[in-house]
There are 2 protein chains.
Amino acid sequence: MSTGYASGRALRLTTKVLPEHARGHNRSLLLQTLYRAGMHSRADLARETGLTRVTVSDLVAELMGEGLVVEMGQREDARPGKPATMLDLNREAFQLIGIDLSAADTFRGAVLDLDGRTLTRVELPLQDRTGADALALVIRLVDRLVAAATLPVLGVGVGSPGLVDLAGVVVSAPNLGWGHEPLQLELETHLNLPVVVANDANVAALAEHSFGESEGDLMLVKVGHGVGAGLLLDGTPLFGSRFAAGEIGHVVVGTDGGPLCVCGKHGCLEAWLAVPRLEAAMADGDADAVLAQAGRRLGIALAPIVGALDLAGIVLSGPAHLLDGTLLAATADTIRDRTSPQIHGALALRMTTLGEDIVVRGAAAMVLSARLGVS
Amino acid sequence: MSTGYASGRALRLTTKVLPEHARGHNRSLLLQTLYRAGMHSRADLARETGLTRVTVSDLVAELMGEGLVVEMGQREDARPGKPATMLDLNREAFQLIGIDLSAADTFRGAVLDLDGRTLTRVELPLQDRTGADALALVIRLVDRLVAAATLPVLGVGVGSPGLVDLAGVVVSAPNLGWGHEPLQLELETHLNLPVVVANDANVAALAEHSFGESEGDLMLVKVGHGVGAGLLLDGTPLFGSRFAAGEIGHVVVGTDGGPLCVCGKHGCLEAWLAVPRLEAAMADGDADAVLAQAGRRLGIALAPIVGALDLAGIVLSGPAHLLDGTLLAATADTIRDRTSPQIHGALALRMTTLGEDIVVRGAAAMVLSARLGVS
DNA sequence: GGAGTTTGTTCGTACGCTTTACTAACAAAC
DNA sequence: GTTTGTTAGTAAAGCGTACGAACAAACTCC
């Protein structure tokens with residue numbers, strides 16, 4: 001870290017905006033409305049979006065031409081005036097593929113429908129593959145999934161561990177032995193399908209936002225072999241200056257030392273909270289005390305973050321038998337004790353409701369967001 | 001804090017976008033280019049922005065009509081082709097007013113030119129005024145400043161302590177006795193000028209971004225009577241779920257107790273770091289040890305935030321004789337010891353270069369951003 | 001002086017959305 | 001059975017925004 005002065009100047013990459021971009025936005029606005037609230041007539045959409053009926057009709061015609069939207073017959077309930085022809089997303093037109101590379105020993109994937117329901121699941125054991133072998137396994141997985149899809153595939157979403165840049169290059173994923181793996185590009189050229197690759201915790205946060213019951217700014221803490229987090233501020237993932245946002249696993253917690261971490265420091269969050277560490281400590285001593293201690297440590301680490309960001313929610317993802325209960329309660333208590341009511345009054349802390357599928361479903365949501373602008 | 005499930009669903013307020021909004025964006029793009037890089041010809045602007053010369057000419061005509069842009073004569077250096085007529089922001093067309101309400105005993109303000117240079121400064125002693133009396137003092141201050149301006153005033157920016165919402169309502173500012181003060185609206189109706197009101201630390205962060213040497217995501221920590229922070233992610237201020245982002249003053253630091261805070265907790269960041277606390281502690285004991293301790297505590301609080309956000313920079317604002325030196329160095333050391341190199345390697349920690357004017361200048365920058373889209 | 005370059009404008013075109021005006025299809029009241 | 005009023009969707013015209021092609025002006029270089 002430097003204590004000097006950075007040279008140069010932030011170059012905010014603002015770029016020109018054309019009317020056609022505006023149209024793309026309005027297009028997504030319609031899709032989003034249909035996606036979230038289901039059937040609407042053209043007139044409903046016009047009222048909801050503020051666009052005129054004329055413009056909505058025009059956009060709907062375009063979307064119907066692409067097979068994304070279909071007419072569903074006339075409105076049922078009797079009202080004065082001409083009966084409305086209802087529209088909806090053509091939910092039987094496409095399927096999504098979501099991939100989760102974050103588990104320690106398995107690559108998971110699934111075919112999902114547009115509502116995020118899992119249709120077919122595939123798991124391939126990793127068996128300590130790294131580098132090119134791991135990449136080959138990913139390709140085998142997506143090939144199996146593409147073959148399993150019963151409808152055209154809208155796109156493939158991938159949640160990968162490690163640092164992932166905006167172009168879907170895995171900049172660094174030590175566990176998989178990837179240094180600068182252009183995963184998105186490789187999958188796209190192999191499949192000839194749109195692919196989106198992002199960090200697993202960010203993807204999980206997106207899942208919670210799309211399919212969970214979360215409002216407002218959200219942090220998802222993913223506890224597994226390591227500890228990572230994904231942040232969703234104003235509905236948008238935060239990537240950070242070096243695509244390392246959410247990397248809180250090796251932040252030291254507390255001022256009283258702590259267990260030695262693989263990174264060489266004492267008292268890293270990961271040394272307190274990672275699943276293997278928890279299991280080992282629980283085997284050695286009072287299980288409940290171990291969980292309470294881990295929960296407190298998580299709370300200590302999260303308190304400043306909650307204060308700085310004024311989060312609306314924190315969601316924990318990981319083995320429920322470890323996290324849900326003593327640990328979660330200790331975290332909640334600790335955050336409450338270490339922040340002002342102004343801050344923790346607005347905060348909801350809870351387990352995810354999406355279970356093990358969280359990354360797979362988030363990856364699918366990412367495809368919807370990238371391809372349709374739906375989030 | 002609830003550990004239950006939030007009801008409802010995030011309603012991302014996406015709204016329709018019309019071609020005229022696109023034009024507004026392109027307009028700002030031109031202004032921004034001129035503001036930051038100075039003189040350009042129409043053809044230069046076209047090359048820089050990707051718009052065509054035709055479109056640029058059209059937009060420039062509009063901007064010249066409003067007096068925002070002026071022709072500066074022909075390009076000096078001889079090149080083949082028709083000589084270019086240079087354009088620039090009309091820097092002598094408008095002035096800005098910036099107001100800082102964050103000091104404990106004084107309301108400060110200044111008239112500035114478009115480049116953020118201070119032209120006239122006015123300070124009014126607060127003398128323990130609160131509520132309506134404090135509001136009256138703000139009005140007296142802006143009236144004095146408007147009278148002191150020698151050119152039309154583009155707008156008034158205000159940095160206020162406390163929580164400020166997006167409409168410039170001071171939701172809560174205990175020190176000034178404001179509960180729900182619609183400051184922006186009141187000043188606007190009084191002055192008949194555009195007014196922007198925001199939180200002081202956020203405004204300071206904006207100043208650092210606009211006038212300081214900062215790249216990328218930035219956190220500004222403001223140490224004074226209290227301790228607060230402003231975050232600028234991707235050039236945009238972060239407000240948080242309840243407009244309380246940056247409120248880190250009452251986050252408990254460390255696991256070993258600490259001094260009693262006015263809020264009733266022990267070991268709040270503010271109890272370690274606020275200027276009155278520092279001065280009292282230094283009078284009682286080893287001044288350098290006090291500063292080192294305070295710096296360490298700040299580092300402990302910031303480490304998780306830096307990790308979670310992957311910040312590019314942290315800037316300290318406040319009394320340099322306290323912050324710059326032992327304290328800053330201790331903070332830097334602590335962050336380095338408590339985060340992974342991946343995180344702190346990219347981080348620059350430093351004092352602001354803007355001194356006491358930081359909020360006033362940030363408020364002026366806010367006006368530029370709101371009125372011209374320039375940041 | 002001629003060739004080549006660059007600038008900024010004019011003209012016509014394509015696109016996106018709006019307003020206005022229309023037809024179709026219904027419920028409610030008479 | 002007719003009239004009235006409402007709602008849905010479409011058609012036509014118009015305005016705003018940006019683009020490409022073409023051009024005149026003004027310069028440098030050879």
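Residues are numbered from 1 along each chain as its sequence is written, while chains are lettered from A and ligands numbered from 1 in the order in which they are written. Because the model is predicted, local features need pLDDT of at least 70 and side-chain atom pairs count only at pLDDT 80 or more, whereas totals for chains, interfaces and linings use all residues.

Confidence was examined in chain A. The pLDDT (the predictor's confidence in each residue, from 0 to 100) averages 91 in chain A, and 97% of the residues score at least 70. Helices (H or I, at least four residues) and strands (E, at least two) are DSSP runs, numbered from the N terminus. Strand β2 (residues 69–74) of chain A has the lowest mean, 88, and strand β4 (residues 95–100) of chain A the highest, 98. Over residues 3–13 of chain A, pLDDT stays under 50. Where pLDDT is low, the predicted coordinates should not be read in detail.

The same surface serves both: 100% of the contact residues of chain B recur in chain A.

Chain A and chain B each bring 81 residues to their contact (C-beta atoms, placed from the backbone, within 7 Å). On the chain B side, α9(B) gives the most, with eight residues. That side holds 37 nonpolar, 31 polar and 13 charged residues. Here Ala, Val, Leu, Ile, Met, Phe, Trp, Tyr, Cys and Pro count as nonpolar, Asp, Glu, Lys and Arg as charged, and the others, Gly among them, as polar.

Helix α8 (residues 275–284) of chain B also meets α9(B): their axes come within 8 Å and cross at roughly 145 degrees. Axes are lines fitted to C-alpha atoms, for helices over the stretch in contact, and angles run from 0 to 180 degrees between N-to-C directions. Leu278(B), Ala281(B) and Met282(B) of α8(B) meet Ala287(B), Val290(B) and Ala294(B) of α9(B).

DNA strand D is surrounded by 28 residues (C-beta atom, placed from the backbone, within 6 Å). The closest are Ser57(A), Gly81(A), Lys82(A), Thr55(B) and Lys82(B). The largest share of this surface, five residues, comes from α1(B).

Methods: Contact = placed C-beta atoms within 7 Å.
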